[in-house]
Every structure is written in structure tokens, then in C-alpha cells.
Amino acid sequence: MNQRSKLTVDFAGLGIPPGRYALPTPGAYDGYDRLERHFTGHLCLSDLTPDDVQFLRDHFAEQVTEHRRQAMDYFEARVPRRFNGVCPDEQATAWAEQFAANQHAVKSLLLVGPTGTGKTHYAWSLLGAVAETGTQVRWQMHTAADLYASLRPRDGEDSESTFERIANAHLLVLDDLGASKWTEWVEEITYRLINHRYEECLPSIFTSNLPPTELRDALGGRVASRLTEMCDRITLKGDDRRKGARS
Ligand SMILES: Nc1ncnc2c1ncn2[C@@H]1O[C@H](COP(=O)(O)OP(=O)(O)OP(=O)(O)O)[C@@H](O)[C@H]1O
Ligand SMILES: [Mg+2]
């Protein structure tokens, strides 16, 4: 990727999801000078001619389609069979669009509700909605129990670099928070992870089937306080859908 392709472009104004794009080459278009001034932040999108804007849309169209295809492939390769057909609702789509527009400004989400109300399903639908925006982002999804298992110190394993990879994911889903046996080690790792994402304004999606006071008791005041500030809470209600499926 050359230096030119890293210049700032008003992607949002062009309706183009954030990502790394190859810019047009000089000589590809008569009005290239104006485009160059736009790429370097010296000209607003509104100062470009309709032909300039059309040229840019045409230039980026193929790359946008390619980015969207890659994002959907990444999602489809990872979504478990049970959640294969998840379909984001309006709220999930709106959140994904906010994420695409500004990953560091979007609020994290805490999905709560009793067992079987669809929290994991909803989390996958959010990841599907993010993929549909075509945003180039490598998200990670772990149950809290799997996360602790993969971070436990083991001979020959560099669990600290695993921690850093997960803690720095552009988007992290942590499923079933508060469900694991609470030990000093679990408390410390959970605090480090959530505090890092809190400080770096990295968006996360947490799920838990504990009611708020029990979650606070389970995670401790410092983690719960950060979650309260970072997250919008979405409460899933209703019966256990798994029982419904059996009856
Ligand atoms: N909106 C939905 N439409 C169709 N099926 C759904 C929906 N939400 C959940 N389900 C189905 O209901 C079942 C339970 O959903 P899910 O596993 O997401 O629940 P949960 O709240 O995460 O449960 P737990 O607290 O036990 O982890 C799954 O089979 C899931 O596919
Ligand atoms: Mg679940």
C-alpha cells in the first residue's frame, strides 16, 4: 500500500465504508487536481463538481463491493451453524452503521436477559450487520469461559500475546460474562481486559444472564462501573426460546 492511499478521504460523505482503498492515479481523470486537494483535506466534498463525485463513486465501487464480500466471507467462515441464518433487526443495523462511521465513538453494548432469550443470537446478528456494512474489521467472539481457558498460563504458550491480541481487537464480543467461577486470577484478567478496552475506547459487546446487581457482585465494583459507562444496555425479554422449541 503506497503513501497516497493512506490519505484522508471523506469516505462517509461518499457513502463508502471505512477501509483501506487504492486512490485513483493522476491522469485517470481530467479534474484530478481537485480530487487531490480533496484527498489532502484542502477541499470539501461539497466543493467537488457532480462529475468529480460520480468519478469517485465509480472509482471506489469495485473496491467497496470487494470489501463487503471479504467482510461477509470473514463472518460466514466464523458464525456457528446454529446462528447461520441470523438476521439483524433495525436496532442492530443502526448500531453497526454507527460502528462503521466511527469505531471509537460508538457505545459498547451489554446484552442482558435470562437464559435462552437470544443474547448470543443477537450478538451474532450484530456481527453480521457489521459485515454487511463492508467495514474492514477483524472482530473476535469468545465466551468468557473460553477466553479464560485460552489465557491460562501454560508451558510453552505466550498467553500475554494472546491477551494483547484479544484486548486490542477492533471489536470484541465477550459472551456469558459473569458465568465463570470467580477466582482472583479471573478477576484480574477480566479487569485488565475491560479496563484496557475502556481506556482505549475500543467497542465491545458483552452478554450476561445475570441481573444488574448480581453482575456487579460477580464482577466487582471496578469492572461494573466501567461497563456502566462504556455500554448501552439492551434487555432481551421473554421465555427461554429453547423450551419453546421443544414444546
Ligand atoms: N430472534 C431470534 N429468532 C429466532 N431464533 C432465535 C432468536 N433469538 C434466539 N433464537 C434461538 O433461541 C435459542 C436460544 O438463543 P441464544 O443461545 O442466543 O440464547 P441466550 O440468551 O444466549 O442463552 P444463554 O443465556 O443460555 O446463553 C437459539 O436456538 C437461537 O437460535
Ligand atoms: Mg448465550
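Predicted model: local features only at pLDDT ≥ 70, side-chain atom pairs only at ≥ 80, totals over all residues.
**The protein as a whole**

- The protein has ten helices and five strands; these are DSSP runs numbered from the N terminus, with helices being H or I runs of at least four residues and strands being E runs of at least two.
- Its C-alpha trace spans about 65 × 45 × 35 Å along the principal axes.
- The protein has 247 residues, and 46% of them count as buried. Buried means under 20% relative accessible area, exposed means over 50%, and partly exposed lies in between, using a 1.4 Å probe and protein chains only.

**Ligand 1 and its surroundings**

- Ligand 1 is surrounded by 14 residues, and the closest are G116, K119, T120, H121 and R242. A residue is near a molecule if one of its heavy atoms lies within 4 Å of it.
- By class, this shell holds two nonpolar, seven polar and five charged residues. Here Ala, Val, Leu, Ile, Met, Phe, Trp, Tyr, Cys and Pro count as nonpolar, Asp, Glu, Lys and Arg as charged, and the others, Gly among them, as polar.
- Helices α4 (119-133) and α10 (241-246) each supply at least two residues of the shell. The largest share, three residues, comes from α4.
- The side chain of K119 has an N or O atom 2.7 Å from an oxygen atom of ligand 1.
- For R242, a polar side-chain atom lies 2.8 Å from an oxygen atom of the ligand.
- G118 takes part through its backbone, with a polar atom 3.0 Å from an oxygen atom of ligand 1.
- Taken alone, ligand 1 exposes 630 Å², and the protein buries 75% of that. Such areas come from the Shrake-Rupley method with a 1.4 Å probe.
- The space taken by ligand 1 is the largest pocket. On a 1 Å grid over the protein atoms alone, a pocket is an open set of points with protein on both sides within 12 Å along at least five of seven lines, and a molecule sits in one if more than half of its atoms lie within 2 Å of its grid points.

- H38 belongs to helix α1 (residues 32-39). H38 counts as buried because its relative accessibility is 4%.
- S204 sits in strand β4. With 0% relative accessibility, S204 is buried too.
- The side chains of S204 and R197 are joined by a polar contact of 2.7 Å. A polar contact is a pair of N or O atoms within 3.5 Å; within protein, one must be able to donate a hydrogen and the other to accept it, and residues adjacent in sequence count only if both atoms are side-chain atoms.
- A polar atom of the S204 side chain also lies 3.5 Å from the backbone oxygen of L202.

**Positive phi in two loops**

- Most residues other than glycine have a negative phi.
- D176, in the loop between β3 (171-175) and α7 (184-199), has a positive phi near 65°. D176 counts as partly exposed because its relative accessible area is 30%.
- C201, in the loop between α7 and β4 (204-208), has a positive phi of about 50° although it is not a glycine. At 43% relative accessibility, C201 is partly exposed.

**Distances across the chain**

- A61 lies in helix α2 (residues 50-78) and is partly exposed, at 38% relative accessible area. A61 and S225 are 164 residues apart along the chain, and their C-alpha atoms are separated by 43 Å.
- C231 is in strand β5 (residues 231-235) and is buried, at 10%. Its C-alpha atom is 39 Å from that of Q54, 177 residues away along the chain.
- I234 is also found in strand β5, and counts as buried at 11% relative accessibility. I234 and E164 are 70 residues apart in sequence and 28 Å apart in space, C-alpha to C-alpha.

Note on methods:
Residues numbered from 1 in each chain as written. Chains lettered and ligands numbered in written order. Heavy atoms only, no water. 1 Å grid on protein atoms, 1.4 Å probe; cavity = no way out; pocket = protein on both sides within 12 Å on 5 of 7 lines; lining within 4 Å.
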